[in-house]
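User: Hi! I'm new to this one and would like a friendly walk through it. Could you show me what we're working with?
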Number of protein chains: 2
Amino acid sequence: MSKYVFGVDLGGTSVKMGLFDQEGNLLDKWEIPTVTENEGQHILPDIAASLQNKIEERDIALADVIGAGIGVPGPVDEEGRINQAANLNWHTCFSIPEGIQQHLNIPVVAGNDANVAALGEMWQGGGKGYSNLFMVTLGTGVGGGIIVGGRIITGATGAAGEIGHICVEDRETKQCGCRNVGCLEQYASATGIVSLARKRLDQDQTASVLRQGELSAKSVFDAVKAGDPVAEEIAQEFGRYLGKGLAAISCVVNPQAFVIGGGVSKAGEILFRYIKPNYEKHVFHACRDVVFALATLGNDAGIYGAAKMVLDKVK
Amino acid sequence: MSKYVFGVDLGGTSVKMGLFDQEGNLLDKWEIPTVTENEGQHILPDIAASLQNKIEERDIALADVIGAGIGVPGPVDEEGRINQAANLNWHTCFSIPEGIQQHLNIPVVAGNDANVAALGEMWQGGGKGYSNLFMVTLGTGVGGGIIVGGRIITGATGAAGEIGHICVEDRETKQCGCRNVGCLEQYASATGIVSLARKRLDQDQTASVLRQGELSAKSVFDAVKAGDPVAEEIAQEFGRYLGKGLAAISCVVNPQAFVIGGGVSKAGEILFRYIKPNYEKHVFHACRDVVFALATLGNDAGIYGAAKMVLDKVK
């Protein structure tokens, strides 16, 4: 008889959930809103109740539930303790598994959302076939997740893979959200690309389609594809910073593959045209032959990775 | 009855060897020269013969030898294959365990020397008590080794921890040995410190004890301790680059501790006065509370780590 596992991706506005069989087939997928009011104290009870509903709806025996994995937007340690998550309005340190288990008695494993998404892409996505990979998430910010020997590297305080805050520009004067200056996130995130674009457009009056309509990472790469020379320069800048950042990562963990995900990655393979030459310029020779791949699971990477985390940890 | 394990640290001029009991007590220690002539083809047979001699000399039954670990100056993959080691005059790709076992039939495990030294420091040295640490070796070059959950992270091509080649200076014009520019090694190695010192001394005629005698990393830090203001500036520069590099490493693997070894580390705790403020300036807040420790095993880190590698891998 088949057993079941839940994958939960907890975000600032909604919680994505998936029901999987133990072979990794996604059987069902649904969402609930994230209620961040009152210090986010409803979030974990809401998740537990939604899982409970699904168990009843599908008439699943509790003994057939291997467990639930949860990806959370903040640093989570090996035991599943989180120390603050601003997007969830959580400002204390507590155990996520315990928070769920007070309401639903199943094994629970928690991890940082970027790390969990990396595991998902390794298992069923763009990183399939690579057990040592680094997933780079280019979204509102820049995050990352490291997989070594098929397992997530968490780090001492759950901050492994927080590559958005590697300093890649000494000459920056604007502060990053983390209060440092020159962070990779300031140039390679969706927001960072818009900043680079604004700065370039303000420099002179060269004609560009980017001068009409709203600026976004998408509009920049659409303009690149249409042959806009100003957009081309912006993409070069983006690639210069990201390529250099990925080269630094390779000197540290030397992955087989980089899997690029997040909203910016929707631009597609064209990103590699800007990343690769800069990566090759800066990287140590022994790390040159890395594979660059696009993430393929999109918004589902988190639920896949969360489910895989349970299958790996709960025996 | 006690069992035995050998730790071998293969360097460009000599091979250090140690005999340990399985509790990690060093029972005997000796060296042989590294014969790099004829494409270094004598190196592994020489090691096997020396181990064989020790086994006979001490009247050890072969069945009581758990195995031998070897740290090698080059990238070594998970299976112990090396792909070139310039210092040993090795220019092909081959298996180190097989190279030993042709002459002596015991289990053999090989790893990169910097990684192996990191494991040694974790086991019996400055990193004791930390299972997630990063060892930084500041010698002629800058190397490193990552331990996560008590195990070495090797990387896809054995190049994990090669942090000497993280780019920390965009404005550099001189090439590093790796042919890139602005590598951490150009500023934080013994050679790099001498370059920084030369550059500073050439800038103007400010009096400094460094204008007499031979320049070295030691003379620079001796002058710092004696209150020399020019040496102080040089140490600040060194700290600026190294602190920034270590901050980047923390964003990737988020270690509990940095253990600083290699010749430059003989300067002692004073190094931290220059590294820490720069680390704190650049690091992501969740990684701020890292421990800085000095390596304590000196030249023996390699043989300790090599022995530990065998104890971990051979059951």
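Analyst: Happy to. One term before we start: a residue counts as exposed when its relative accessible area is over 50%, and as buried when that area is under 20%. Also keep in mind that this is a predicted model.

User: What does B:T92 touch?
Analyst: Leaving out residues up to four places away in sequence, B:T92 touches B:I82, B:N83 and B:Q84.

User: Which residues is B:M135 in contact with?
Analyst: Setting aside neighbours within four places in sequence, the contacts of B:M135 include B:A117, B:A118 and B:E121. B:G143, B:G144 and B:G145 are also among them, as are B:V259, B:G261 and B:A295.

User: How far apart are B:M135 and B:V220?
Analyst: They are 23 Å apart in space, C-alpha to C-alpha, and 85 residues apart in sequence.

User: Switching to helices. What span should α8(B) have, going by its residues?
Analyst: Helix α8 of chain B has 25 residues, 229-253, and at 1.5 Å a residue it should span 36 Å. The C-alpha atoms at its ends are 36 Å apart, which agrees.

User: How many of the residues of α8(B) are buried?
Analyst: 19 of the 25 are buried, so α8(B) is largely enclosed by the rest of the structure.

User: What happens at the two ends of α8(B)?
Analyst: At the start, a side-chain oxygen of B:D228 comes to within 3.1 Å of the backbone nitrogen of B:V230. After the helix comes B:N254, which has a positive phi near 50 degrees.

User: What about A:N254, over in chain A? What is its phi?
Analyst: A:N254 has a positive phi of about 50 degrees, although it is not a glycine. A:N254 sits in the loop between α8 and β11 (257-261) of chain A. With a relative accessible area of 2%, A:N254 is buried.

User: Staying in chain A, at what angle do α7(A) and α8(A) pack?
Analyst: The angle is about 120 degrees, and the helix axes are 8 Å apart. The crossing of α7(A) and α8(A) is left-handed. On the α7(A) side the contact is made by A:V220, A:F221, A:A223 and A:V224. A:A231, A:E232, A:I234, A:A235 and A:F238 make it from α8(A). By class, that contact has eight nonpolar residues, one charged and no polar.

User: Which residues of α7(A) are buried?
Analyst: Those are A:A217, A:S219, A:V220, A:F221, A:A223 and A:V224. The buried residues of α7(A) pack against α6 (190-203), α8 and α9 (270-282) of chain A. Just after α7(A), A:G227 has a positive phi of about 85 degrees.

User: One more helix residue. Where is A:A301?
Analyst: A:A301 is in helix α10 of chain A, residues 301-313. Its relative accessibility is 4%, so A:A301 counts as buried. A:A301 touches A:V116, A:A117, A:G120 and A:E121, not counting residues up to four places away in sequence. The C-alpha atoms of A:A301 and A:L119 are separated by 8.0 Å, although the two are 182 residues apart along the chain.

User: Last stop: what does A:K16 touch?
Analyst: A:K16 is in strand β2 of chain A, residues 14-21. Not counting residues up to four places away in sequence, A:K16 touches A:G7, A:V8, A:D9, A:W30, A:E31, A:N299 and A:I303.

Key: Residues are numbered from 1 along each chain as its sequence is written. Chains are lettered from A and ligands numbered from 1 in the order in which they are written. This is a predicted model: local features need pLDDT of at least 70, side-chain atom pairs count only at pLDDT 80 or more; totals for chains, interfaces and linings use all residues. Side-chain values use heavy atoms; hydrogens and water are left out. Helices (H or I, at least four residues) and strands (E, at least two) are DSSP runs, numbered from the N terminus. The expected span of a helix is 1.5 Å times one less than its number of residues. Buried means under 20% relative accessible area, exposed over 50%, partly exposed in between (1.4 Å probe, protein chains only). A polar contact is a pair of N or O atoms within 3.5 Å; within protein, one must be able to donate a hydrogen and the other to accept it, and residues adjacent in sequence count only if both atoms are side-chain atoms. Axes are lines fitted to C-alpha atoms, for helices over the stretch in contact, and angles run from 0 to 180 degrees between N-to-C directions. A crossing is left-handed if the near helix is turned anticlockwise from the far one by less than a right angle, and right-handed if clockwise. Contact means heavy atoms within 4.5 Å. Ala, Val, Leu, Ile, Met, Phe, Trp, Tyr, Cys and Pro count as nonpolar, Asp, Glu, Lys and Arg as charged, and the others, Gly among them, as polar.
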